[in-house]
Amino acid sequence: MERVVVGITGASGSVYGKRCVEVLVSKGFSVELVVSEVGKRVFEYELELPFEEFLSSLPEDLINFYSHNDLFAPISSGSYPVKGMVVIPCSAGTLGHIASGASLNLIHRAADVNLKERRPVVLVLRETPLNRVHAENILKAIDAGATVLPASPAFYGRPKTVEELVDFVVDRALTHVLGKSLGLFRGWTL
Ligand SMILES: Cc1cc2nc3c(=O)[nH]c(=O)nc-3n(C[C@H](O)[C@H](O)[C@H](O)COP(=O)(O)O)c2cc1C
């Protein structure tokens, strides 16, 4: 069973993180899940769903949930085998922590170890517009080996629903973690 680390932060777009976790477990991946302190509050505000209720809806055998401040968690160590990591959505604040290597919580630390282990780390950044600090941090994160994937759905597939827009972003992100698309949207064809 392959493990994927999913970090959900306090950027807008909790729906991306929720869908990402649901898709991964539906495909039989084991999810190592961490939500930041503000991430949990934004999730509950945007989705009008208690985070605990979401957690309890997931198959227990495929979810390892950790507190954001549990730096003793297995995913804090590069010796714990995982396929890769996605931070979805990723706030500008978490991007800055990852880019600078300042690991204050478990999301920062797990990203740090996956980058040093040269595993895929995808940061689904959600902020607009960008200031210079954001742009510099994006460059630093890319230089460290991360994929920075703005939460910016495409419209060439003529999406009809919000779910289709969400699936576009989730599929693009997971493609970069897993090395293959899960086929959540139809790729570009004329
Ligand atoms: C409702 C709400 C929406 C937010 N949206 C964003 C956002 O889209 N992008 C962002 O970078 N920060 C956003 N923030 C601010 C972050 O939550 C804040 O910077 C926080 O400290 C990020 O911490 P975290 O990355 O540990 O979750 C939002 C905050 C709230 C309350």
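The protein chain has 7 helices and 6 strands; helices here are DSSP runs of H or I with at least four residues, strands are runs of E with at least two, and both are numbered from the N terminus. This is a predicted model, where local features need pLDDT of at least 70, side-chain atom pairs count only at pLDDT 80 or more, and totals for chains, interfaces and linings use all residues. Residues are numbered from 1 along each chain as its sequence is written, and side-chain values use heavy atoms, with hydrogens and water left out.

Overall layout, then. Read from the N terminus, the order of elements is β-α-β-α-α-β-β-α-α-β-α-β-α. The radius of gyration is 15 Å, close to the 16 Å that the globule rule gives for 190 residues, so the chain is as compact as a globular protein of that length. That radius is taken over C-alpha atoms, and the rule is 2.2 Å times the number of residues to the power 0.38. Along the principal axes, the C-alpha atoms fill a box of roughly 45 × 40 × 30 Å.

Of the 190 residues, 48% count as buried. Buried means under 20% relative accessible area, exposed means over 50%, and partly exposed lies in between, with a 1.4 Å probe and protein chains only. As for contacts, meaning heavy atoms within 4.5 Å: among those between residues at least 6 apart in sequence, 75% join residues at least 24 apart.

Next, a helix pair. How do the axes of α1 and α2 cross? Helix α1 covers residues 14–26 and helix α2 residues 37–47; their axes come within 9 Å and cross at roughly 95°. The axes are lines fitted to C-alpha atoms over the stretch in contact, with angles from 0 to 180 degrees between N-to-C directions. The two helices are therefore roughly perpendicular, the class for 65 to 115 degrees; under 35 is roughly parallel, over 145 roughly antiparallel, and the rest oblique. On the α1 side the contact uses S14, V15 and K18, which meet V42, F43, E46 and L47 of α2.

V21 also sits in α1, and it is buried at 0% relative accessible area. Beyond its neighbours within four places in sequence, V21 contacts V6, V31, L33, F54, L58 and I63.

At the other end of the numbering, F168 is in helix α7, residues 162–178. It counts as buried at 10% relative accessibility. Leaving out residues up to four places away in sequence, F168 touches S152, P153, A154, Y156 and F185.

Now cysteines. With a disulfide taken as a pair of cysteine sulfur atoms within 2.5 Å, the count is 0. The sulfur of C90 is 13 Å from the closest cysteine sulfur, in C20, too far for a bond. C20 is buried at 0% relative accessibility, and C90 is buried at 0% as well.

Last, backbone geometry. Which peptide bonds are cis? One is from I88 to P89, with omega near -5°; P89 is in strand β4, residues 84–90. Another joins T128 and P129, with omega about -5°, and P129 lies in the loop between β5 (121–125) and α6 (132–143).

R118 is not a glycine but has a positive phi of about 60°. It is in the loop between α5 (106–116) and β5, and is exposed at 71% relative accessibility. R158, also not a glycine, has a positive phi of about 50°. It lies in the loop between β6 (147–148) and α7, exposed at 65%.
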